[in-house]
Amino acid sequence: ALKSTKKKIHLTSISIGLITFKDISTNLFYDTIPEYAGVVNLTLRDIALADIRKASDLSQYNLNSIEGNITRIRLHEQGSMYTTSIAQLYINSDKHQVTIDSVFLIPTYSKYDFSRKVGRQIDRFSASFPKISITGLIFNKLKDSLFTASVVHIASAELYVYRDKRLPFIKKENTPLPMALIRSLPFGAAIDTVKITDTKITYEEFPEKGFRTGQVTFERLNAS
């Protein structure tokens with residue numbers, strides 16, 4: 001008769017030479033509502049975790065390189081006033097670059113319903129970014145919540161802002177200054193140059209007393 005023996009394997013660390021994700025369709029749900037979606041095509045090289053007890057902490061993993069893209073990205077948290085869609089996010093850690101194609105910020109509600117959903121005056125944004133290029137990105141610092149890059153280039157963007165002044169103006173909190181906003185971010189940022197080229201901004205407003213909207217448009221804006 002054969003006797004089966006069971007042996008427990010105790011892992012203390014993890015080391016993987018190569019992981020490839022090909023055409024992986026991902027959907028993250030809250031209850032039954034999809035909040036995040038995308039199609040993943042990525043190659044990860046030399047993944048290591050020194051302490052298996054910290055496997056649930058992504059910051060504990062070391063990664064030599066990552067290359068590939070995530071397509072058909074959709075972001076919409078439950079109750080959010082906006083949906084973000086991205087056609088493609090390309091990553092190449094060896095070349096220290098990220099390229100983001102066709103980013104759209106889409107309001108959940110129409111111009112008429114948006115402020116009425118909130119119950120007060122509020123700016124309604126819609127935006128498109130045909131291409132955002134990030135170069136000189138230091139990937140190893142991302143796990144420490146530090147975004148470090150040489151250049152962020154936003155090209156041919158369009159921003160549309162609408163406000164309906166027929167609703168009550170209720171200011172529930174003070175508007176923070178730019179430096180206060182930066183300090184409140186959940187990550188640090190060190191960027192040498194931010195370039196904005198050929199950008200268009202339109203602001204439209206329905207007055208408190210009036211019958212039609214007025215708008216002002218700024219075109220071919222460039223800044224760095």
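What share of the 224 residues in the protein chain is buried? Buried residues (under 20% relative accessible area, with a 1.4 Å probe and protein chains only) make up 27% of the chain. Keep in mind that this is a predicted model, where local features need pLDDT of at least 70, side-chain atom pairs count only at pLDDT 80 or more, and totals for chains, interfaces and linings use all residues. Residues are numbered from 1 along each chain as its sequence is written, and side-chain values use heavy atoms, leaving out hydrogens and water.

**Fold and overall form**
- You'll find 2 helices and 10 strands here (DSSP runs, H or I of at least four residues for helices and E of at least two for strands, numbered from the N terminus).
- Going along the sequence, the pattern reads β-β-β-β-β-α-β-β-β-α-β-β.
- The radius of gyration is 23 Å, well over the 17 Å from the globule rule for 224 residues, so the chain is more spread out than a compact globule (the radius is taken over C-alpha atoms, and the rule is 2.2 Å times the number of residues to the power 0.38).
- Along its principal axes, the C-alpha trace spans about 95 × 40 × 35 Å.

**A look at lysine 165**
- Lysine 165 sits in the loop between strand S8 (158–164) and helix H2 (178–183).
- Its relative accessible area is 31%, so lysine 165 counts as partly exposed (between the buried cut-off of under 20% and the exposed one of over 50%).
- Leaving aside residues up to four places away in sequence, lysine 165 touches Gln121, Glu205, Phe206, Pro207 and Glu208 (contact means heavy atoms within 4.5 Å).
- Lysine 209 is 44 residues away along the chain, and its C-alpha atom is 8.4 Å from that of lysine 165.
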